[in-house]
Amino acid sequence: MSIYRLLFICVATLIITVAFGAEPASPTPRETRAPTKEAKVTFNAVHVDGPYIAMTFDDGPSATLTPKLLDILAAHHIKVTFFVLGENVTEHPEIVARAAREGHEIASHSWSHPNFAKMSLESVRSQLQRTDDAINNATGKRPTLFRPPYGSITEREKHWIHDEFGYDVILWDVDPLDWKRPGPAIVRSRILKETRPGSIVLSHDIHPGTIEAMPSTLDQLEAKGFKFVTVSELLAMASPVTPYPKAEAVGKTAAKAAPPAVPGSSPGD
Ligand code: NI
């Protein structure tokens with residue numbers, strides 16, 4: 001008797017498992033879940049209640065230019081975020097250590113600046129792990145943010161990276177195209193024109209014109225009332241947005257660069 005009862009319980013359990021287990025696998029919940037997760041993982045800008053912005057500098061550190069930039073930032077009492085390349089960190093760990101010591105955020109921009117949209121997950125893992133280790137060796141702290149080279153990354157990679165490394169994926173909404181070396185005055189005017197509260201400003205500490213543009217750019221941003229924070233600080237300030245996530249409305253430049261199938265759409269990042 002007990003065997004039949006056991007059999008009945010087994011069958012009943014199986015039916016319940018199949019019936020309820022099938023539900024999450026149906027396409028409808030997956031579709032509704034994706035955009036919610038997307039908004040949480042990737043940021044072009046942040047909706048904040050206040051004049052806060054994050055200046056970001058990619059592709060360094062540079063042996064000569066990054067220390068110059070650090071001097072300028074120290075003189076202005078401004079904290080920024082560096083999206084560094086792991087291979088450059090191992091060449092100049094002392095510069096990265098100084099930046100971290102002076103209150104700047106050190107974030108990952110990959111090991112050697114490849115196009116993530118065209119890579120296997122194994123290669124992505126290697127690029128990120130080596131950079132994570134290099135930053136940790138230089139600063140004693142692991143990064144929490146990642147910016148894909150060229151802004152090029154697939155949806156699958158974004159979520160995989162977030163799950164595997166815990167990184168938020170940071171793009172930008174202000175792009176002065178400083179990698180084209182248009183001259184300091186143009187870099188400055190583009191940043192001043194496009195920056196608004198919650199902006200994430202993209203530039204590079206490997207181009208002399210960008211460093212040359214910074215003292216006056218920072219002066220004029222300050223004169224407009226902007227206050228400078230790191231990207232992690234900006235994320236922590238995020239305030240609720242209605243009716244749609246801000247990421248949909250802002251970031252026209254980054255939105256252009258974001259589609260994974262367009263390599264080199266933002267060659268300077
Ligand atoms: Ni870059």
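Guide: This is a predicted model, in which local features need pLDDT of at least 70 and side-chain atom pairs count only at pLDDT 80 or more, while totals for chains, interfaces and linings use all residues. Residues are numbered from 1 along each chain as its sequence is written.

Visitor: Why is D59 called buried?

Guide: A residue is buried if 20 or more other C-beta atoms, placed from the backbone, lie within 10 Å of its own, exposed if 12 or fewer, and partly exposed in between. D59 has 22 C-beta neighbours inside 10 Å, and therefore counts as buried.

Visitor: What makes H113 partly exposed?

Guide: H113 has 18 other C-beta atoms within 10 Å, which is why H113 is placed in the partly exposed class. Phi of H113 is near 65°, a positive value in a residue other than glycine.

Visitor: How do you know that the length of α6 agrees with its number of residues?

Guide: Helices are DSSP runs of H or I with at least four residues, strands are runs of E with at least two, and both are numbered from the N terminus. The expected span of a helix is 1.5 Å times one less than its number of residues. The 19 residues of α6 should therefore span 27 Å, and the end C-alpha atoms are 26 Å apart, which agrees.

Visitor: Which residues of α6 are buried, and what puts them on the same side?

Guide: The buried residues of α6 include V124, L128, T131 and I135.
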